[in-house]
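This report describes selected features of one protein chain. Please consult the sequence and the structure shown below while reading.

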Amino acid sequence: MSVRTIGVVMNGVTGRMGYRQHLVRSVLAINEQGGVVLSDGSRVKLRPVLVGRSADKLSKIAADHHISRYTTDLDSALADDDNLIYFDAQVTGARVKAVLKAIEAGKHIYAEKPTAESVQEAVALAEAATAKGVKNGVVQDKLFLPGLLKLKRLIDGGFFGQILSVRGEFGYWVFEGDWQEAQRPSWNYRAEDGGGIVLDMFPHWHYVMENLFGRVESVYAKAVTHVPQRVDEQGRTYAATADDAAYGIFELAGGVIAQINSSWTVRVNRDELVEFQVDGTHGSAVAGLRNCRFQHRAATPKPVWNPDLPATARFREGWQEVPDNADFDNGFKIQWERFIRHVIEDAPFPNDFASGARGVQLAELGLRSNAEGRRIEVPHL
């Protein structure tokens with residue numbers, strides 16, 4: 001069995017997501033399992049080349065994981081012909097310039113979302129990659145969550161009948177950074193640095209809705225900065241200029257209505273940090289990160305509204321769990337494996353820069369809806 005090793009330039013691995021999910025749980029995990037298996041039985045291993053601004057941070061990560069190559073010079077990493085793929089997990093504001101460099105160098109590109117801060121830039125990236133003939137992909141990890149895979153199984157099996165509506169709840173309390181350290185980087189709360197929950201989460205919701213329920217045809221959104229002042233990593237107080245909560249209503253093709261709340265200022269009173277309830281004529285389901293519960297119409301209770309009497313029905317007990325019926329791997333790793341197969345043997349990979357641009361478009365239109373206080377139609381890209 002032949003094994004091939006290819007170089008992967010990884011820019012932004014000193015950040016939380018780039019390090020944990022992409023380097024450790026994806027690229028290094030792929031190598032630990034012997035590489036990506038191709039259709040002919042051969043394997044591809046990945047040689048990470050770490051890129052970032054801090055040589056000290058890169059050196060420590062490289063030493064911890066026995067990685068031989070790291071540099072603060074992106075151009076030199078891109079100049080190496082052995083490096084076939086460029087991956088970008090930087091802050092959003094730095095992504096476009098670096099990705100354009102990688103495209104010009106002829107590298108295949110895999111990038112975190114959002115691919116850009118504006119739809120104009122996102123479309124330009126997609127067009128540049130197409131013109132250069134390089135393969136391109138954007139991270140859409142939520143599609144590979146066990147809970148959503150189980151939900152898709154229900155959809156594909158016709159469980160819901162006609163899907164009527166989707167209600168999503170996402171979020172948790174991110175500490176302000178004064179009396180407890182914040183769980184997210186401070187740039188997330190500065191609009192001038194590309195922060196904001198709309199730009200961060202609407203691209204996620206876009207590909208979830210597009211892939212599971214239908215094309216997004218309109219958006220009405222309210223974005224809010226509930227906590228106006230926070231404390232950064234150096235203990236300095238700063239003004240939070242980006243939205244930390246967003247409340248959206250989306251009309252989808254076929255008449256499905258989706259309502260999704262996104263917030264870093266909400267305390268969790270649900271089973272998982274994100275949950276989607278899908279209601280249809282024949283049944284309903286609630287999907288989270290790992291689990292999915294369902295209730296068929298034949299098992300639906302018949303409640304009667306009476307505020308003068310205590311509720312005696314235990315509504316949550318009337319739902320069943322969707323069984324695993326499969327082993328679920330890390331969603332980031334699964335998508336990395338698919339992108340490697342796409343690069344090496346041209347296997348399908350629908351999550352390209354064009355789909356990423358549609359996600360950025362929804363975020364941009366969501367912010368416009370908030371500014372203008374009205375529903376905005378979503379044109380086809």
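Which residues does Gln21 touch, not counting residues up to four places away in sequence? In this predicted model, Gln21 touches Arg16, Ser26, Asn330 and Phe332. With Asn330 there is also a polar contact, formed between the two side chains at 3.2 Å. Gln21 belongs to helix α1, which covers residues 16-32. Its relative accessible area is 14%. Because buried residues are those under 20%, Gln21 counts as buried.

A further feature is the sheet. Nine strands form an open sheet with mixed pairing, in the order β17-β16-β15-β14-β8-β13-β12-β9-β18. The edge strands, β17 and β18, each pair on one side only. In general, the strands of a sheet pair through backbone hydrogen bonds, in either a parallel or an antiparallel sense. Strands β14 and β15 are paired in the antiparallel sense, over four bridges. Within this pair, Val278 stands opposite Ala285 in β15. Helix α9 packs on the sheet and touches β9, β12 and β18. The direction of helix α9 makes about 60° with that of β9.

| Strand | Residues |
|---|---|
| β9 | 216-224 |
| β12 | 245-252 |
| β14 | 274-280 |
| β15 | 283-287 |
| β17 | 320-321 |
| β18 | 376-377 |

Finally, an unreviewed UniProt entry annotates residues 149-285 as "domain: GFO/IDH/MocA-like oxidoreductase". This span is 18% helix and 36% strand, and its end C-alpha atoms lie 13 Å apart.

Key
Residues numbered from 1 in each chain as written. Predicted model: local features only at pLDDT ≥ 70, side-chain atom pairs only at ≥ 80, totals over all residues. Heavy atoms only, no water. UniProt positions renumbered as here; feature names shortened; annotations may be inferred. Helix = DSSP H or I, 4+ residues; strand = E, 2+ residues; numbered from the N terminus. Buried < 20%, exposed > 50% of the residue type's maximum accessible area, 1.4 Å probe, protein only. Polar contact = N/O pair within 3.5 Å; in protein donor to acceptor, adjacent residues only side chain to side chain. Contact = heavy atoms within 4.5 Å. Pairing = 2+ DSSP bridges. Axes fitted to C-alpha atoms, helices over the stretch in contact; angles between N-to-C directions.
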